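This report goes through selected local features of one protein model. Please keep the sequence and the 3D view open while reading.

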Amino acid sequence: MAQNGFTLVELLVSLTLGLLLVAGLGWVFLNSSRTNAELGKMNRQMENGRFAIYQLKDDLQHAGFWGELTNLPNPVGLVDPCKNYTVWSNSDKTSVLALPVQGYADGAGLPATCATPLSNRKTGTDVLVVRHVATCMPGTTDCAAAQMALQVSVCGTDPIPWVMDVPGASAFTLRRPDSMGRPCSHPSYVHTPALQRRVIANTYFIRDYAKAVGDGIPTLMVLEPDAAGAASPVPRPLVEGIDMLRVEYGIDNAGNDGVPDGYVTAASVTDWRHVVAVRLYVIARNLETTPGYTDEKTYPLPGGSAGPFNDAFKRHAYLLTVRLNNVAGRRAP
C-alpha cells in the first residue's frame, strides 16, 4: 500500500492546536508568576509592619527602667531629643529619669537642633522618644561602651541617690552591698561600686526615603545619640516601607493607680509623668507597585485620617496598645 503523510490542512490544524496549548500554558505560568510576586510583596509588607510595631513595643516595655532607682525626681522641663549625651545638663539628666516617654504630634514643638538629624521627616507622622537603661553594663561583651551611664546607690549612707555621667567619670562613687551581702554600714563592709548601666534614649520617626533622597520609600528611623564617637546624633534606618506612625498616650491623671483614664495625642499631653500606656498606629506599605491597583481606602488615625492615597501601593494598618510596665507599676496600688 502507498504511504501517505499529513495533508496541509491537517498540519495547519495541528500547529494551531499546539500554539493554543502553548499560549494556555504561558498564560497559566504568567498568572502564577504574578500571584507569587504579589504574595511576596504582601509577605514582605506584613513582615515589615510587624517588625516595626514590635520593635517599638519592645522598647516601650523597657521605658522607665532605671535599675535600682525607685523614687524618681520631678522633671525640670522637657529634654531635647536631638541633644548629644555629652552636653546634657543636670536639668536634662533629671528630666530624662522623670520622663521615660515623650512625643511630638506631626513634629510640632521639635527643637531647632532636630532640623538636621530629623530632616526629611515625612509630613503627617509623629515622633516618639523612649528612655531607659540597658540591662547590661557599659563596656561588657554584650553591651557596647556608651556616652552616658547611670549609677544608682544601694546604700542609704551615700550622699546622693544617683549619678549620670560618661563612663569612667570620677563622679561614679556610689556603692552597693559587697560580695558577701554586707550592707554599707557593716563594720566589715568592703567598698563595692554600684553598677553602671548604659542610658538609652531612642527617638523614632518616619523618613520619606530609604537610601537616597527622592527614592520615595518611607522608612522607620531611630535616632541614637549614644553612638560611640559620634559628634552629633545620627539616625539609623530600621524598617523600610513604614508609611505612617501616629501615637496616642494613655494618661493616668485620676487616682494615680497606673491605669490610663483616657488616650490623647502628644499635643494634648500636659504632664508627661502621667503617661502609663502608649497606643501605636502604624501603616506599612508595599515597596513596589501593583499594576492595576489603586489604594482608595481611608485610614482613621488620631490627629486626622490618612488617605485615600490613590496610588498603586497596597497598605496594611496595625494597632497596638503597650502598657509602660515600669511607669504604671510604680503607681499601681
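L11 belongs to helix α1. Helices (H or I, at least four residues) and strands (E, at least two) are DSSP runs, numbered from the N terminus. Together with F6, L8, L12 and L15, L11 makes a nonpolar surface patch of about 570 Å². Patches consist of residues with over 30% relative accessible area and no salt bridge, where like charges are joined within 9 Å and nonpolar side chains (Val, Leu, Ile, Met, Phe, Trp, Tyr) within 5 Å. Accessible areas come from the Shrake-Rupley method with a 1.4 Å probe, and for residues only the protein chains shown count as cover.

## Basis of the values

The model is predicted: local features need pLDDT of at least 70 and side-chain atom pairs count only at pLDDT 80 or more, while totals for chains, interfaces and linings use all residues. Residues are numbered from 1 along each chain as its sequence is written, and side-chain values use heavy atoms, with hydrogens and water left out.

## Strand β5 and its partners

Strand β5 covers residues 196–207, and eleven of its twelve residues are buried, so the strand is largely enclosed by the rest of the structure. Two strands pair if DSSP finds at least two bridges between them. With strand β2 (residues 127–133), β5 pairs in the antiparallel sense over six bridges; R131 stands opposite A201 in β5.

Strand β3 (residues 149–152) is also an antiparallel partner of β5, over three bridges, and here Q151 stands opposite Q196. A further antiparallel pairing joins β5 to strand β6 (residues 219–224) over five bridges. In that pairing, I206 has L220 in β6 as its bridge partner.

## Salt bridges

Side chains of opposite charge can pair when their charged atoms come close. The structure holds 13 salt bridges, each defined as a side-chain nitrogen of Lys or Arg within 4 Å of a carboxyl oxygen of Asp or Glu. In one of them, R197 pairs with E68, and the closest N and O atoms are 3.0 Å apart. R197 lies in strand β5 and E68 in the loop between α1 (8–62) and α2 (90–98), so this pair ties together parts that are 129 residues apart in sequence. R197 is buried, with a relative accessible area of 13%, whereas E68 is partly exposed at 32% relative accessibility.

A network of salt bridges links K122, D243, D295, D311 and R315. Within it, K122 and D243 meet at 2.2 Å, N to O. This pair links distant parts of the chain, with K122 in the loop between β1 and β2 and D243 in strand β8 (residues 242–251), 121 residues apart. D243 also forms a salt bridge with R315, with 2.8 Å between the closest N and O atoms. Here D243 in strand β8 is linked to R315 in strand β11, 72 residues away. K122 and D243 are both buried, and R315 is buried as well.

## Aromatic rings

The structure holds three aromatic pairs. Rings of Phe, Tyr and Trp (its six-membered ring) pair if their centres lie within 6.5 Å; planes under 30 degrees apart count as stacked, over 60 as edge-to-face and the rest as tilted. The Y85 and W88 pair is stacked, because the ring centres are 4.4 Å apart and the planes are at 25 degrees. Y85 and W88 are both buried.

Y249 and W272 form an edge-to-face pair, with 4.9 Å centre to centre and 85 degrees between the planes. Y249 is in strand β8 and W272 in the loop between β9 (262–264) and β10, 23 residues apart. Both Y249 and W272 are buried.

Charges also sit over rings, which requires NZ of Lys or CZ of Arg within 6 Å of the ring centre and within 35 degrees of the ring normal. The charged end of R279 lies over the ring of Y263, 3.8 Å from its centre. For K314 over the ring of Y293, the distance to the centre is 5.4 Å.

## Backbone details

G307 and P308 are joined by a cis peptide bond, with omega about -5 degrees. P308 is in the loop between β10 (275–285) and β11 (315–323). N310 is found in the loop between β10 and β11, and its phi is near 55 degrees, a positive value in a residue other than glycine.

Notes
Buried < 20%, exposed > 50% of the residue type's maximum accessible area, 1.4 Å probe, protein only.
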